[in-house]
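Colleague: Could you walk me through this one? I'd like to go place by place.

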Amino acid sequence: MLNISNIQHFSVGDGEGIRTTVFFKGCNLRCPWCHNPENLSTSPAVLTYSSTGKTETLGRLVSAEDILPELLEDKDFYDESNGGVTLSGGEAMLQASEIAPLASMLKENGVSVLVDTAGCVAYSSFQILNPFISGYLFDFKTADENKYREIGGNLEVVVENIRRLNEDGMTVWIRIPLIPNFNTSQRSIQAICERLSDIGIRHVDLLPFHRLGSAKYEAMGLEYAYKSQQPLTKEELGNIEAIYKAYFSVKIE
């Protein structure tokens, strides 16, 4: 069974074209800026919105056969826009064995499947999905091992997974969240650029910090560590982009 929170149609920013995104429950990282806190735990999350009094529970177990018809509803849009289905989270790769049948069915129906991942899992999980996946949207958060450890990750595991995916001929889009006071100093950026260059990366997508998930924290009764953090200014973003452009082709999402 698949443990999901919701299915979002006509997603933007989750890969090329018009896509439907399936959000999976459970994550092995604890990034304080996470904008999907409802997916950190595998248990259902109850959100109560004070402005409306509305309550919703996110988290349900479904089979691949249960949700396949809904994912195929928009196939005409996928075909016209070079889109498809994106599997996100949480960390979808934690459910790789359960996801494989769904990804296989989608592929059989001519639907491109992408996986949005932070990549802090054993490579065996990627090997399970590689036959059915068009590519990975791979978040790379920092080149500082200590900072990765702070959020529950392992830099060497991440780097090795990117390297092996490239060796196995998989398409990997490196996406870098730009988090103030975490990875946006010149020193941090330089280290990221050098590490990714060393493993042959030639293009990166930059994801500027936003606070769009703050309402979810409030609705869950949680404190959002970044609630007072301002987004990067246009000048700051331009300076960051310039450093990355010295190493890669760059797209800002």
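Predicted model: local features only at pLDDT ≥ 70, side-chain atom pairs only at ≥ 80, totals over all residues.

Colleague: Where does Gly90 sit, the residue joined to Gly89 by a cis peptide bond?

Modeller: Omega of the bond between Gly89 and Gly90 is about 10 degrees, and that bond is cis. Most peptide bonds are trans. As for its place, Gly90 is in the loop between β6 (84-88) and α3.

Colleague: And which strand holds Phe10?

Modeller: Phe10 has a phi near 50 degrees, a positive value in a residue other than glycine. Most residues other than glycine have a negative phi. The strand holding Phe10 is β1.

Colleague: At what angle do the axes of α1 and α3 cross?

Modeller: Axes here are lines fitted to C-alpha atoms, for helices over the stretch in contact, with angles from 0 to 180 degrees between N-to-C directions. The axes of α1 (residues 64-72) and α3 (residues 96-108) come within 10 Å, and they cross at roughly 35 degrees.

Colleague: Which residues of α3 make that contact with α1?

Modeller: Contact means heavy atoms within 4.5 Å. On the α1 side it's Ala64, Glu65, Ile67, Leu68, Leu71 and Leu72. From α3 come Leu102, Met105 and Leu106.

Colleague: Which strand gives the most to the lining of the largest pocket?

Modeller: A pocket, on a 1 Å grid over the protein atoms alone, is an open set of points where a 1.4 Å probe fits, with protein on both sides within 12 Å along at least five of seven lines; lining residues have an atom within 4 Å of a point. The largest pocket has 37 lining residues, and the closest to its centre are His35, Asn36, Asp116, Arg175 and His210. β1 (2-11), β7 (112-117), β9 (172-178) and β10 (203-208) each supply at least two lining residues. The top contributor, with 3 residues, is β9.

Colleague: Which strands each supply at least two residues to the lining of the second largest pocket?

Modeller: Among the residues lining that pocket are Trp173, Arg175, His203 and Asp205. The strands in question are β9 and β10.

Colleague: How far apart are the closest N and O atoms of Glu38 and Lys216?

Modeller: A salt bridge is a side-chain nitrogen of Lys or Arg within 4 Å of a carboxyl oxygen of Asp or Glu, and the whole structure has 11. Glu38 and Lys216 form a salt bridge, with those atoms at 3.1 Å.

Methods: Residues numbered from 1 in each chain as written. Heavy atoms only, no water. Helix = DSSP H or I, 4+ residues; strand = E, 2+ residues; numbered from the N terminus.
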